[in-house]
Amino acid sequence: MEMNKHKANSVAQNSRKRKRKEQGIGKHNDSGGIEKLPDDMLIAILSCMRLKDAVKTSIFSRRWRYLWRFTSGKLVFVDREMETENFKSWVNHILQLHRGRPVDSLIIRFINLVLGPQSSDIDSWVFSAIHKDVKKFELNLKRVEFNLPVQNYEFPNIDKLLSFKYPFVSLKSLILVHVDIEDEVVQYFLASCIYIECLCIRGSNATKNLQVVDPLPNLKKLEVSDCSNIQSMEINAMNLVTCTYQGSKINSPFVKTPNLRELTLGGLFCKSFIFKPNKHSSYSATLVKLVLNLNTRVRKRTNSSPDLPQLHSLKRLDLNAVAKIGRGLLFFISLIKASPNLLEFRIELKYTTPDPLRLMPYPSVTWQQARGGFCHKKLKVVEMISFIGYEEERDLLDKIAEIAPSIEKVLIDTRNTHRRDHKLPNSITEEVRKQMKSNARSSTESHAMVMACRFPLETKVVVK
């Protein structure tokens, strides 16, 4: 009898505990606990958390089980961060359960997969972005294996988009990578998304003729890169601040960009900045930061112009260039010379195998041609990335120090990404250091120059 009574009490006690747990009653439910907050405030807190962490709160209690579904923060899906093996199913499952609207960001990055998901799945992700009225939409389908014959995903055409009522009406940022998007759809985004601030299209084979034309009151950032079939582009945007174009040779797209401050150029088009600078004179004087990716070698030799674009406002110049052993780098002195207010100069070189059919995308000049009696009085920082220690590199550093007595810091990074087996001899580093210090002391106008050599441990780093 007593045993039966004990069992009955135990069952009743367990039932009460289970009921209290389901109702969210426990040690965390005191008068000052988070359980006292209204649902709207809890959802606002969850919206600030990572998606995976917000989903985990569903185990707290019955009340918490569905709160994450109404968050309005960032929905970020990156294949390398997901524990589940079936990334597609994971994305579909979460998007089907999520009910929050509007959503700040929907970011989907399928980077490591060789075989991507079916187009119907990706269509559903795009339609989810429309339903959720996202402010930022990123669809990155870039693949690691470039040699495989895999077609890009085709973004929904204009008819599909217009089948929705006010698609992407709140959109501020659109980033598409390895997604084919037609010109007509791009024009829709520019014309109908009045809040759009950033447009990025990389690796689209369907993009051919772009017109980025005002009124675009909020557009600040534009990128068009690696679009293999691009034929023309017109940029007439008063408020554009940052622009990137990496691709084939086209007529200069910059019609009217008075507020353009940061520019990145690459591909064959970048060559025209070096060899035909008069095509860039309409906007080059306003640039504050310029990045030139001179990584595409050319088949045809072109005579260089004696006058580079005058970069009177430029403060930072970044160069990423191919190089060849035995070929001088003094042309880059000419770019520094064309930038009288330059404060920071950064260069990264990638040495390539000799190819008689391919030429460097910049001319070879003598020291007299590069300098021309010029003295730079404002350059403060020089940085050379992937430094190996070739004579051409040391000569470039030496000549920069000679024309720019104002240099205060030189950063040399030998953590070479192109020749990982190379170790820089200590004798070369000491020689470079002595040359730079000697040139600094020889100028009466120079400040103290600090050389911070970021070397691997095996080279016995000395930082002074």
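This is a predicted model: local features need pLDDT of at least 70, side-chain atom pairs count only at pLDDT 80 or more; totals for chains, interfaces and linings use all residues.
User: What is the average pLDDT of the protein?

Analyst: pLDDT is the predictor's confidence in each residue, from 0 to 100. Here the average is 78, and 70% of the residues score at least 70. Residues 22-32 fall below 50, with 15 contacts in the model beyond near neighbours in sequence; a contact means heavy atoms within 4.5 Å. Residues 440-464 are also below 50, and that stretch has 59 such contacts.

User: How many helices and strands are there?

Analyst: Both are DSSP runs numbered from the N terminus: helices are H or I with at least four residues, strands are E with at least two. The protein has 13 helices and 19 strands, and buried residues make up 47% of its 464 residues.

User: Which residues of H5 are buried?

Analyst: An α-helix has 3.6 residues a turn, so residues three or four places apart point the same way. In H5, the buried residues are Asp 121, Ile 122, Asp 123, Trp 125, Val 126, Ser 128, Ala 129 and Ile 130. Their cover includes helices H4 (87-97) and H6 (158-162), along with strands S2 (105-109), S3 (136-140) and S4 (153-154).

User: How far apart are the end C-alpha atoms of H5?

Analyst: The expected span of a helix is 1.5 Å times one less than its number of residues. For the 13 residues of H5 (residues 119-131) that gives 18 Å, and the end C-alpha atoms are 18 Å apart, which agrees. Just after H5, Asp 133 has a positive phi of about 55 degrees.

User: How many residues of H8 are buried?

Analyst: Seven of the eight residues in H8 (residues 268-275) are buried, so the helix is mostly covered. Among them are Phe 269, Cys 270 and Phe 273. The buried residues pack against several elements, including strand S11 (242-246) and helix H10 (331-337).

User: Is Ile 45 buried, partly exposed or exposed?

Analyst: Ile 45 counts as partly exposed, because its relative accessibility is 37%. You will find Ile 45 in helix H2 (residues 39-46).

Definitions and conventions. Residues are numbered from 1 along each chain as its sequence is written. Side-chain values use heavy atoms; hydrogens and water are left out. Buried means under 20% relative accessible area, exposed over 50%, partly exposed in between (1.4 Å probe, protein chains only).
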